[in-house]
Amino acid sequence: MNWKIPLADIDLGPEEQEAVSQVLSRKWLTMGEETGQFEEEFAAFIGAKHAIAVTNATAALHLACVALDLKPGDEVIVPSLTFVATANAVRYTGAVPVFADIRGEHDLNISPESIEEHLTPRTRAVSVVHYGGFACDMTQICELARQKNLSIIEDAAHAPGSEIDGRMVGLWGEIACFSFFSNKNMTTGEGGMLTTQDDRLAQRLRILRSHGMTTLTWDRYRGHAFSYDVVDLGYNYRIDEIRAALGRVQLKKLAANNARRRELSQAYWSCLASRVPEVSRPFQEHPGISSAHLMPVLLPRGVDRLVFMESMKAQGIQTSIHYPPIHQFSSYRQAEKGQTGGLERTDDIGAREVTLPLYPAMSEAQVDEVVGAVENALGAAGKLNLEKKQRRTGAGLERI
Ligand SMILES: *Cc1c(COP(=O)(O)O)cnc(C)c1O
């Protein structure tokens, strides 16, 4: 499909090519200086004490669950309106993800009240997702966690550079997980990062990332060590030097690209408000500073979303859904007797959400074009829907 306006686009240039080719000519391809530098620079950007680079954010989330000692039977409260990896990572440890509802139409993040409603004596942690880069209410969630003695994992896959209440995302929970997958705000193709303020957790995460081993190839190469012990059941979740080098260049561009994304989001909101006010605009009044990873909108109830998206496609505009709620997937309906109740807002909004194109190289004119297409698609989807209803009720089409 040759999209006129794709959902996302990567900002890659000669700087990235140069950085990668330098790594290749140096011939040291994993766990070397690039990885160390990338971790230091990312930690400095967030203001975190430690940053640990890994192969992807799913691995980061898994390591977070392992490092927090989650065990079979433990419960972790997670949102259902997120990418499946948030909940899968909990299940890898044998712990049970328990889904909490979102706040509502204007804030698609996990609701602190719903977290509280889902607490049981087995609840050990909460894994929060900063949807689209718009931070959760961390002040309230951290206070609740403190009272109930729960750990917090931040799934910050969308949110490098986001802030709330004057504090960066990635500094609120015990551990935060960032993604550098190819459609995220900064990318290494596949890649991820953990941040933590806790020295003990940082050391454990480093060991778990590399087979549970106490020394690394790089230390042995530098003559710092000859052998090693294995002190934990670890994994191979390492990033490589090529991707670390890519990440360092991408990190330099992140703040400016996030700022451009915020400008475009503002342009979308004002254009949508004037041309299609019936389409709802989550997060428009959200506090804090967003990385503006996504541009979600909610279609009016009764509009056929598939027809809407088909019409957008016919106009050359790629759209997506963030997300089909996790509790509705077969694997989750079958596991742990399947949770259904208490997720009414997730079910409602999960069925109406559509994500519009957003990437730093977009122009205001393209934003305008997308909104024009939304207007057309709404006409098509609304009308078709009306026709379908009338067919069902036996009413004549000639009366439209
Ligand atoms: C992308 C994403 C992940 C997984 O990231 P990977 O780096 O692809 O493993 C996890 N959670 C959320 C919310 C995501 O958007």
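**Before you click**

This is a predicted model, where local features need pLDDT of at least 70, side-chain atom pairs count only at pLDDT 80 or more, and totals for chains, interfaces and linings use all residues. Residues are numbered from 1 along each chain as its sequence is written, and side-chain values use heavy atoms, with hydrogens and water left out.

Colour by pLDDT, the predictor's confidence in each residue on a scale from 0 to 100. The protein's mean is 94, and 94% of its residues reach 70 or more. Now select 395-400: the pLDDT there is below 50, and beyond near neighbours in sequence this stretch has seven contacts (heavy atoms within 4.5 Å) in the model.

**Stop 1: strand β1**

Helices (H or I, at least four residues) and strands (E, at least two) are DSSP runs, numbered from the N terminus. Select residues 50-54, which make up β1. Five of the five are buried, so the strand is largely enclosed by the rest of the structure. Buried means under 20% relative accessible area, exposed over 50%, and partly exposed in between (1.4 Å probe, protein chains only).

Show the side chains: H50, I52 and V54 point one way, A51 and A53 the other. In a regular strand the side chains alternate between the two faces of the sheet.

Look for V54 opposite G192.

**Stop 2: helix α3**

Next, select 57-67, helix α3. Of its 11 residues, 10 are buried. What covers them? The cover includes β1, α4, β7 (151-155), β10 (175-179), β11 and α7 (199-209).

At the start of the helix, a side-chain oxygen of N56 comes within 3.0 Å of the backbone nitrogen of T58.

Now click H62 in α3. Is H62 buried or exposed? It counts as buried, because its relative accessibility is 6%. Leaving aside neighbours within four places in sequence, H62 is in contact with A89, Y92, T93, Y235 and Y237.

**Stop 3: the ligand**

Select the ligand and its shell: 16 residues surround it, with T58, D155, H158, S179 and K184 the closest. A residue counts as near if one of its heavy atoms lies within 4 Å. Helices α3 and α4 (85-92) each supply at least two residues of that shell.

- A57: 2.8 Å from a backbone N or O atom.
- S179: 2.7 Å from a polar side-chain atom.
- Y323: 3.4 Å from an N or O atom in the side chain.

The protein covers 93% of the 380 Å² of accessible area that the ligand has on its own, by the Shrake-Rupley method with a 1.4 Å probe.

**Stop 4**

The peptide bond from H322 to Y323 is cis, with omega near 10°.

Then jump to K27, between α1 (14-26) and α2 (33-46). Its phi is positive, near 65°, though K27 is not a glycine. K27 counts as exposed, at 70% relative accessibility.

Finish at A292, in the loop between α9 (241-275) and β12 (295-298). A292 has a positive phi of about 50°, again without being a glycine, but A292 is buried, at 1% relative accessible area.

Definitions and conventions. Pairing = 2+ DSSP bridges. Polar contact = N/O pair within 3.5 Å; in protein donor to acceptor, adjacent residues only side chain to side chain.
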